[in-house]
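Reader: I would like to learn how to read a model like this one. Could we go through a few features together?

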Amino acid sequence: MRNLLFLMILLFSCREETEVNDNPFNLPYYQFTAEDKSRLLKNYFNGKKLIYKSDDNLVREFEIINYYQGKIAFGTGSFSGGNIIWFYHDIQKFEYKTEGFPYKEQYLQRFETEGKKSKFYGISNFPLWNDSSSFIIDFSQPTISIIINGKIYNKVRIYMSNKNDIFSYAGNERNVNKVYYDEEFGIIKYIEVKGRIWLLQN
């Protein structure tokens, strides 16, 4: 899994993406399937606030910024300084904005794999995650149901960094090593290394 994640991060670090409305060269276009669309986050938009409360009554707010859902071009830079577009694909992406941390991106996409096939998956750069790498949102994992504040979440997957490290950034801590991700609502619960639990309030 870590080798796959490293490869994805390396690939994405050298890519060029452009929002597009056409496909003049008839390149491959990997579109969301009906099943993919059912797994996209619902009611996400620029300015949406995600409010979490801890078990000792602290509150942290994340704002959704730079939201985009639609068709995008994937390409790489050429030796001549231009861009080469390899294919188009559908994506849902946004950035987390929260006090004391740089903006971090999350995206769900249908992306090309070997043999001109494609796969739907996501990558989350949750700002408080205590790993230098993102975590992959893998829809092949089984789901569970949990109840938070009387609300039932039926399609939840748990992701763990398997690390107990705490990193400091500008006086703040990246100290979360376990998140609960719901297909419809995103991160609904996260747990710090020292055990503090945060729950989505809205």
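Predicted model: local features only at pLDDT ≥ 70, side-chain atom pairs only at ≥ 80, totals over all residues.

Reader: Is Arg157 buried or exposed?

Author: Residues are numbered from 1 along each chain as its sequence is written, and side-chain values use heavy atoms, with hydrogens and water left out. Buried means under 20% relative accessible area, exposed means over 50%, and partly exposed is in between (1.4 Å probe, protein chains only). Arg157 has a relative accessible area of 3%, so this residue is buried.

Reader: Where is Arg157 found?

Author: Strand β10, residues 151–160, holds Arg157. Helices (H or I, at least four residues) and strands (E, at least two) are DSSP runs, numbered from the N terminus.

Reader: With which side chain does the side chain of Arg157 make a polar contact?

Author: A polar contact is a pair of N or O atoms within 3.5 Å; within protein, one must be able to donate a hydrogen and the other to accept it, and residues adjacent in sequence count only if both atoms are side-chain atoms. Here the partner is the side chain of Glu183, at 2.7 Å. A polar atom of the Arg157 side chain also lies 2.8 Å from the backbone oxygen of Gln141.

Reader: Which residues does Arg157 touch?

Author: Contact means heavy atoms within 4.5 Å. Leaving out residues up to four places away in sequence, Arg157 touches Arg39, Asp138, Phe139, Gln141, Pro142, Thr143, Val179, Tyr180, Tyr181 and Glu183.

Reader: Is Ile158 buried, partly exposed or exposed?

Author: Ile158 also has its place in strand β10. Its relative accessibility is 31%, so Ile158 counts as partly exposed. Ile84, in strand β5 (residues 83–97), is partly exposed too, because its relative accessibility is 34%.

Reader: What is the phi of Asn57?

Author: Asn57 has a positive phi of about 70°, although it is not a glycine. Asn57 lies in the loop between β3 and β4 (59–77). With a relative accessible area of 57%, Asn57 is exposed.
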